[in-house]
Amino acid sequence: MRDGFYLSSYVTIPGLHRLAMVSYRHDNNVSLWHKEGSLIRLLGHWEFERMSGLKHHRTPFLSMEELRAFVNGLIGPFGVSLDDMTEIWGTPGLATTNDYHFVEEYPELSFHSIAHLYSAMLLDSETFFGGDILTLAVDGGPDRLLDGRYKRYWFTGAVSRRGVVETFPVASPGLLYSTAKDRFKMREGTLMALATATTATGRCDRQHILDSYDFTGLAALEGAPRAFDEIVAQVKETASTDPDFTEEESFVSAVMKEIQAISVMVMERSIETALERYDLDPATTHLALAGGYALNCPTNSHLMEKYGFRGFLAPPCVDDGGQAVGIGLAAFHKKTGGEPFTFRFPGAYLGRADDDLDGALAEFGDHVAEVSDLDLDQAVRDILAEPIAWFHGRSEIGPRALGNRSLIGDPTSRAAKDALNAFKLREWWRPVAPVVLEDRLAEWFEDSRPSPYMLETFTIREERRAQIPAVAHLDYSARVQSLNAAQNPALHALLTAFHERTGVPMLCNTSLNDKGEPIIDTIRETINFCLRRRISVAYLNGRRVVFKNFDRYAAGGPYPRTRQPFTAIPESRAEAVHAELNPYGLPELYLHVLYLDLALSGKFDLRTEEGAAEAYEAVDSRLRADPSLRQAAERSMRRAEHRFTTFGPDALLNLELGAVRQITGA
């Protein structure tokens with residue numbers, strides 16, 4: 001395998017479907033790599049939502065030229081462009097080779113899940129090539145661009161013994177959670193938080209649900225909704241309420257407690273089957289998890305504690321936002337012929353940097369009262385007075401704030417937690433996470449271990465609970481990020497200063513973003529947020545900035561991000577694209593059917609009269625045979641019309657409560 005730069009990508013392909021706002025991938029992302037001899041380095045990883053501001057970015061580019069220009073803008077600071085890449089992997093049309101994946105090697109297993117496997121189990125080559133790893137990729141579905149028609153098994157497990165990998169299908173609770181998200185109209189994170197926020201309970205026959213429904217792949221599309229309906233029906237008969245919450249919130253919490261318990265049982269069954277089948281000793285085996293469900297911190301910690309695994313492996317971008325990482329690591333393992341190489345995941349801070357502080361301060365000059373160098377004692381005094389914004393260096397990757405784009409507060413103060421939730425327009429009951437000095441972790445949390453990417457929960461020691469009310473869940477657990485000086489020197493210094501002043505070795509750390517918005521990526525976005533939310537002080541790349549004139553700040557929403565390639569296409573350009581790619585005028589409804597139906601997608605060349613006629617006949621036949629396909633296409637058309645509609649927090653809340661009332665009959 002040649003030395004040089006490599007790019008792996010997980011991006012929706014450009015094309016005519018852009019006009020219909022149909023996408024084949026969400027959480028689009030790319031990774032830049034460099035290989036020199038046996039040493040492989042991950043130089044950067046970029047999730048498109050940070051640049052576009054579109055949560056779970058899924059919007060396609062219209063042309064390959066626009067996609068290439070966008071990616072070149074990301075990798076340009078490293079002095080390279082796509083033309084300098086030795087190979088490009090992951091996205092059809094952008095990829096320069098097709099020998100990097102395992103689509104043919106595993107005809108029944110989704111390559112999407114195999115990429116997830118590699119993103120976790122190959123985080124450290126010494127562990128991968130020198131030990132045993134049990135990995136589970138537990139996500140919500142496959143990748144139609146590479147997997148084509150959906151594979152039989154969507155979710156994959158693997159046992160790696162000294163770099164020799166054996167795969168097998170597993171079940172995933174992912175579709176059970178995504179069904180709850182769709183029915184309750186709440187994000188999975190909100191549902192997980194609400195489950196632990198109330199004392200409300202309900203009962204269902206968990207073992208019956210586990211034994212009755214298939215969560216391994218295509219069957220889960222039907223099984224997960226049916227399981228959800230049965231859980232809801234049983235909980236409705238037995239549910240109690242929490243007097244501090246509404247009936248709707250109590251009911252959702254009770255349902256999610258049962259879904260969480262069943263999800264854990266699904267994971268336990270997969271692990272116990274693998275341990276027995278492969279004769280693994282957990283004490284000498286690392287557990288690696290990837291896929292969206294691996295963001296479920298209570299499950300991760302439960303599995304580690306119950307089975308006593310040697311260590312835990314997962315990247316910060318554990319969801320589809322890390323697919324490019326997994327595609328890259330899988331490709332290196334395949335193309336080096338399984339021979340050992342050296343790679344260690346460099347940590348979470350792999351996104352963009354923004355060094356234009358002076359330009360940003362000039363733009364917001366009327367609202368800047370004071371600028372000074374960082375003084376740690378002053379920073380601690382600021383935090384004790386009220387939460388601050390903290391922006392430093394390159395952005396962290398993944399959906400969790402890990403200290404470079406964060407709101408920081410005092411963990412000893414309930415008022416700080418309330419202020420942080422108010423800044424973010426979040427529910428009053430939402431706890432915030434602590435970032436903790438790694439060498440003090442065991443003094444404050446039971447059965448703890450390093451958790452650098454905020455992917456585990458630990459129980460606060462009983463004698464410490466009264467000291468840190470801002471970070472405690474109802475059961476006194478907390479979703480912990482541990483930190484040492486090597487991982488983030490600037491944040492570690494702030495934590496150390498706070499510890500020296502207060503005796504508490506942690507800070508509240510929550511993401512710097514508005515409700516429904518991806519984490520902020522630039523200094524200008526940060527200042528805009530501070531002025532709209534009346535945050536008095538921000539620390540920006542080591543400078544203390546004090547704001548003023550909040551009442552005179554006119555902006556009513558987030559600072560504009562890079563929307564130009566992703567906004568609605570002007571009618572004149574849309575007509576030109578149709579003339580080029582759909583010259584024979586296949587109707588829009590038929591186009592949506594082509595994009596939605598895997599048996600038809602990509603099969604016809606609409607630029608030819610013969611191809612357009614064949615497509616029309618095939619779609620017409622499918623619509624007659626399956627009336628539900630017309631309904632799905634019409635829904636897709638409506639979603640396209642409203643793709644860029646922005647709901648305010650009140651509208652979102654009404655949608656959430658309306659969905660709950662529909663399910664409960666309230």
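Rings of Phe, Tyr and Trp (its six-membered ring) are taken as paired if their centres lie within 6.5 Å; planes under 30 degrees apart count as stacked, over 60 as edge-to-face and the rest as tilted. By this criterion, the structure holds 28 aromatic pairs. The model is a predicted one, in which local features need pLDDT of at least 70 and side-chain atom pairs count only at pLDDT 80 or more, while totals for chains, interfaces and linings use all residues. Residues are numbered from 1 along each chain as its sequence is written, and side-chain values use heavy atoms, with hydrogens and water left out.

Helices (H or I, at least four residues) and strands (E, at least two) are DSSP runs, numbered from the N terminus. Phenylalanine 70 is buried at 11% relative accessibility, and phenylalanine 566 is buried at 0%; here buried means under 20% relative accessible area, exposed over 50%, and partly exposed in between (1.4 Å probe, protein chains only).

A further pair brings together tryptophan 89 and phenylalanine 332: the ring centres are 5.1 Å apart and the planes stand at 85°, so the arrangement is edge-to-face. This pair, too, links distant parts of the chain, with tryptophan 89 in strand S4 (residues 85-89) and phenylalanine 332 in helix H12 (residues 323-335), 243 residues apart. Tryptophan 89 is buried at 0% relative accessibility, and phenylalanine 332 is likewise buried, with a relative accessible area of 0%. Both rings belong to one aromatic cluster formed by Tyr6, Trp33, Trp89, Phe332 and Phe343.

The sheet that contains S4 is open and has four strands in the order S3-S2-S1-S4, with mixed pairing. Strand S3 (39-47) and S4 stand at its edges with a single partner strand each, so one side of each has no neighbour in the sheet. Neighbouring strands are turned by 20° against each other on average, direction ignored. Strand S1 (residues 4-10) pairs with S4 in the parallel sense over four bridges, and phenylalanine 5 has methionine 85 in S4 as its bridge partner. For two strands to count as paired, DSSP must find at least two bridges between them. Helix H12 packs on this sheet, touching S1, strand S2 (29-36), S3 and S4, and its direction makes about 30° with that of S2. Contact means heavy atoms within 4.5 Å; axes are lines fitted to C-alpha atoms, for helices over the stretch in contact, and angles run from 0 to 180 degrees between N-to-C directions.

Four of its five residues are buried, so S19 is largely enclosed by the rest of the structure. Strand S10 (residues 368-373) runs antiparallel to S19 and is joined to it by five bridges, with valine 371 opposite valine 545. Strand S18 (residues 537-540) is also antiparallel to S19, through four bridges, and leucine 540 has arginine 543 as its bridge partner. In the hairpin of S18 and S19, which has two residues between the strands, asparagine 541 takes a positive phi near 50°.
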